[in-house]
Amino acid sequence: MGPDWWLASDGKWYPPTSRPGAGPTPMVEQGPADSPPSPDWWLASDGKWYPPSLRPGASMPGYGAPASVNPMLAGWLQGLLYASAALAVLALVFTLRALSTFNDYQDGQSRFSAWSDAHDGQVAGLGLLYLVMLATGILMIIWTYKASQTADRLGPGGRTWGPGWAIGGWFIPFASLVIPKLVLNEIERVATAPRSGAQVVAAWRRQSTSVLGWIWWLTFVAASVLLAASFAFEDPDTLLRSASDIRAGYTLAALATGCFAVSGVLGALFVRRLSQYLSPHSVDHDWS
């Protein structure tokens, strides 16, 4: 019995940890070591050994589940991307029909009402595509944010585009055509880099990005620019536009919807591939 024991009212002596008001014995935080003090320590990508409580994915009191990309979230996003591709094809058909009907009207082979109906169908098709793409964009931002958080969990040092950019990058005018892809490139490099102890190696920055991701993004940007350009030929009163402006507007809209159809399919494949690398099972896997 040591000098710090205390006498209780029952006439017995107790250790200091049981003294009323005494807090729990503080846990000593153990830092990295050059060699494992016990078999359950793990080797990180920096060549140091860490205790099991610091292993990526270890359960810590007071904290939620480790960050990873939820397969359900990835599945919904892929579904919306495929749906937007299908609606883009439908909008393309309506646009080509409106262009053909307008040419027939100009040549005197059809009535104005036929072209007007075809034009209304094209506008409705684009409107439906906009709504689905809006939902897809919201889910894409959420997915990108979760993917960026998961990339952080893999322990890469010196990231340039953190989780905050995964959201903010989409809302900066003009820069939104570039920054989200830079964010995704960094996430992809982290996700596909070799891992040691469930963390990426230090050379993750030299990891290449996929051709699939680039083609998807370039077709998406091209579609967005072409669609915006088609608006320059729009007028609230269709009759006030010249025949050349109407044809140009339809042509640009057709090219835009065609690019959206391609980008929707490629985007779904890209999301599926990257989500597999950042899934709960994959994040805890040692890729060394």
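Colleague: Why are α5 and α6 called roughly antiparallel to each other?

Modeller: This is a predicted model, to start with. The axes of α5 (residues 211-230) and α6 cross at roughly 155 degrees. Angles over 145 count as roughly antiparallel. Therefore α5 and α6 are roughly antiparallel to each other.

Colleague: Within what distance do the axes of α5 and α6 come? And what is the hand of the crossing?

Modeller: The axes of α5 and α6 come within 7 Å. The crossing is left-handed. The contact residues of this pair divide into 19 nonpolar, 7 polar and no charged.

Colleague: Which residues of α4 and α6 meet?

Modeller: From α4, L184, I187, E188, A191 and T192. From α6, F270, R273, L274 and Y277. These contact residues divide into 6 nonpolar, 1 polar and 2 charged. The crossing of α4 and α6 is left-handed.

Colleague: Next, E186. How do you know whether it is buried or exposed?

Modeller: The relative accessible area of E186 is 6%. Buried means under 20%. So E186 is buried. This residue lies in helix α4.

Colleague: What does the side chain of E186 reach?

Modeller: It reaches the backbone nitrogen of W161, at 2.9 Å. A polar contact needs N or O atoms within 3.5 Å. The pair at 2.9 Å meets that limit.

Colleague: Which residues does E186 touch, leaving aside those up to four places away in sequence?

Modeller: R159, T160, W161, G162 and W204.

Colleague: Last one, I167. Why is this residue called partly exposed?

Modeller: Its relative accessible area is 35%. Buried would need under 20%, and exposed would need over 50%. The value of 35% sits in between, so I167 is partly exposed. I167 lies in helix α3 (residues 163-168).

Colleague: What does I167 touch, again not counting residues up to four places away in sequence?

Modeller: I141 and Y145. As for I138, its C-alpha atom is separated from that of I167 by 9.8 Å. I167 and I138 are 29 residues apart along the chain.

Notes. Residues numbered from 1 in each chain as written. Predicted model: local features only at pLDDT ≥ 70, side-chain atom pairs only at ≥ 80, totals over all residues. Heavy atoms only, no water. Left-handed = near helix turned anticlockwise from the far one by under 90°. Helix = DSSP H or I, 4+ residues; strand = E, 2+ residues; numbered from the N terminus. Contact = heavy atoms within 4.5 Å. Nonpolar A, V, L, I, M, F, W, Y, C, P; charged D, E, K, R; others polar. Buried < 20%, exposed > 50% of the residue type's maximum accessible area, 1.4 Å probe, protein only. Polar contact = N/O pair within 3.5 Å; in protein donor to acceptor, adjacent residues only side chain to side chain. Axes fitted to C-alpha atoms, helices over the stretch in contact; angles between N-to-C directions. Parallel < 35°, antiparallel > 145°, perpendicular 65-115°, else oblique.
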